[in-house]
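Hi,

Here's the structure I promised to pass along. Have a look first, and then read on for what turned up.

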Amino acid sequence: MEIRGYQVPDDLMYTKEHEWAREEGEVIRVGITDYAAKTLNDVVYVSAPKVNVTIEQSKPMGAVESIKAVSEVYAPFSGKVLETNHDLDSHPELINKSPYMEGWLIMVAPSNLPAERKSLLDAKAYAAFLETLLQK
Amino acid sequence: MFKAVPKTTQLFGYHSTHATLTEFAGYEMPLWYTTTAAEHMAVRNTSGIFDVSHMGRFSVEGPKATGFLESLVPTAVKAQPPGKAFYTLLLNTKGGIMDDLIIEKLGEDAYMVVVNAANAKADMDHMLANSPKGLDVVDVTDSTAMIAVQGPGAIASLQRLTDLDLGQLKRFRCAEARVAGENALISRTGYTGEDGFEVTVYDATSEHPDGVMKLWEKLAETSTPCGLGARDSLRLEAGFPLHGADINQATNPFEADLAWVITAGKRGFIGSEVIEASAAQLPSRVRRGLVLDSGIPRHGFEVTGDAGAVGVVTSGTFSPILRRGIALCYLAYAGSEPGSTIGVTIRGVNQSGTVTKPPFYEERLYGWKRQKGN
């Protein structure tokens, strides 16, 4: 769906810190939302956790930076990092161009998926959350 | 709770429909229209326009004007010819930097003083507290507007709208002229490192914004509107300090690498005793640039050398020209030699980098000194 000009795909899970997570079989793909990317304006640098690093749900796992600002990225799920998106090394602007596809950040092997899934928002809930943010 | 309503400039009607807005120094200003990176590159490669109407503008006129300004700044004022614009500093009694500013000398005893928006009130208080009887210091910020046109294409963009031969107006010179039918003051100045102009439009109150709005829209046909994001990345890439971040009341002109504004032998200005005393000794720290191999340095990050901490970042960003993280920082004098290797710790990782003397770009390719034809 689209809410006030921001894309919110129906099939993803979201955090209130504007990360998204997509279940792809046994693994989770993670990125930042269209709203996060547009608020940053022009992403110029991405610092993501390295492969084999263990991340913990809701803890900082990296940062996405624009010319003007730094935005910390929080892990939507606990687990081990399987892969990082090397295209972002030379083309960080992919996060602006395609936040949900080419601009993904990492792939994670989740360690506590069923329990942690409950603390994430579905598209409808995230859209409602964005709406409250934008009304302020 | 009571919340102060931000002020707006005469061009707010354009910004509110074209830009993402931000509050800066009490004004609601454009942060970016498209992206900071695109606006930044437009200024380096063609031309961009900035609404800088929020900056403080004070008119100082009368027989005592020259002597008064002479007592405020470390740069010789009387020696400047009419039609000259110059960058200088307001110092406190301890020689610390209250503000950096441009003074435009319109006539032997007529000046326009342009100061940072965030310091405008403090600067005015300071001027009124030190002004002689019978001298008019008038805040004309609200009754005038100011547009900066910057970049290698600035001259072509602005020339279409004025009869003044801009090619004859040398850098740091100013002249009054008609621009798009408005009475204005044009100076060949700016804060991006590029060639360009700052146009002060007279008689442009918020009740009568039509004239300056028409000028802005005509300029926007050939120049890219730029927000405060690009204004900050451009000044940083040129190595220019931002008051409040890179210079403040506790920094003196020597450590800020701004001693060049002090006219040799000048005395009798506020702070001159301290300036004279500090001129004789090496500063303990000095403002430098640094370029990182990876990562983006930001305000407050610690700079380390072989033997531990050597300084601190005062402002940092990503340079769209270098495609690297760059910063202005203060380094211990001993470790400040350009070319020295340093490190900056970013989120727990030490990123290596090199000390430089800005600007960060190659002056052969970018900035007002660039070789034509590039």
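One term before we start: I call two residues in contact if their C-beta atoms, placed from the backbone, lie within 7 Å. Also keep in mind that this is a predicted model.

With that in hand, here's how the two chains meet. Chain A puts 10 residues into the contact, and chain B puts in 11. On the chain A side, strand 6 (43-47) and strand 8 (60-66) each supply at least two of the residues that touch chain B. Strand 6 of chain A gives the largest share, with three residues. Sorted by class, that side of chain A has five nonpolar, three charged and two polar residues.

Now chain A by itself. You'll find five helices and 11 strands in there. Its C-alpha atoms fill a box of roughly 40 × 35 × 20 Å along the principal axes. A compact globule of 136 residues would have a radius of gyration near 14 Å, and chain A has 14 Å, so the two agree. As for burial, 43% of the 136 residues of chain A count as buried. If you take the contacts in chain A with a separation of 6 or more, 64% of them are between residues 24 or more positions apart.

On to chain B, which is divided into two domains. Domain 1 covers 12-52 + 142-236, while domain 2 covers 282-374. Their C-alpha centres lie 29 Å apart. The contact between them takes 11 residues from domain 1 of chain B and 10 residues from domain 2 of chain B. On the domain 1 side, helix 2 (36-45) and helix 7 (228-237) of chain B are the elements that give two or more residues. Helix 2 of chain B has the largest share of that side, four residues. By class, the domain 1 side that touches domain 2 of chain B comes out as five charged, three polar and three nonpolar residues.

Last, the nonpolar cores. The largest has 68 residues, and those with the most contacts inside it are B:V113, B:I147, B:V149 and B:V199. Leaving out residues up to four places away in sequence, B:V113 touches B:F58, B:V60, B:L101 and B:I103. There's also a second, separate core of 39 residues, which includes A:V8, A:V46, A:I95 and A:Y126.

Cheers

Terms used:
Residues are numbered from 1 along each chain as its sequence is written. Chains are lettered from A and ligands numbered from 1 in the order in which they are written. This is a predicted model: local features need pLDDT of at least 70, side-chain atom pairs count only at pLDDT 80 or more; totals for chains, interfaces and linings use all residues. Ala, Val, Leu, Ile, Met, Phe, Trp, Tyr, Cys and Pro count as nonpolar, Asp, Glu, Lys and Arg as charged, and the others, Gly among them, as polar. A nonpolar core is a set of buried Ala, Val, Leu, Ile, Met, Phe, Trp, Tyr and Cys residues joined through C-beta atoms within 7 Å. A residue is buried if 20 or more other C-beta atoms lie within 10 Å of its own, exposed if 12 or fewer, and partly exposed in between; C-beta atoms are placed from the backbone. The radius of gyration is taken over C-alpha atoms; the globule rule is 2.2 Å times the number of residues to the power 0.38. Domain bounds come from an automatic or database domain assignment.
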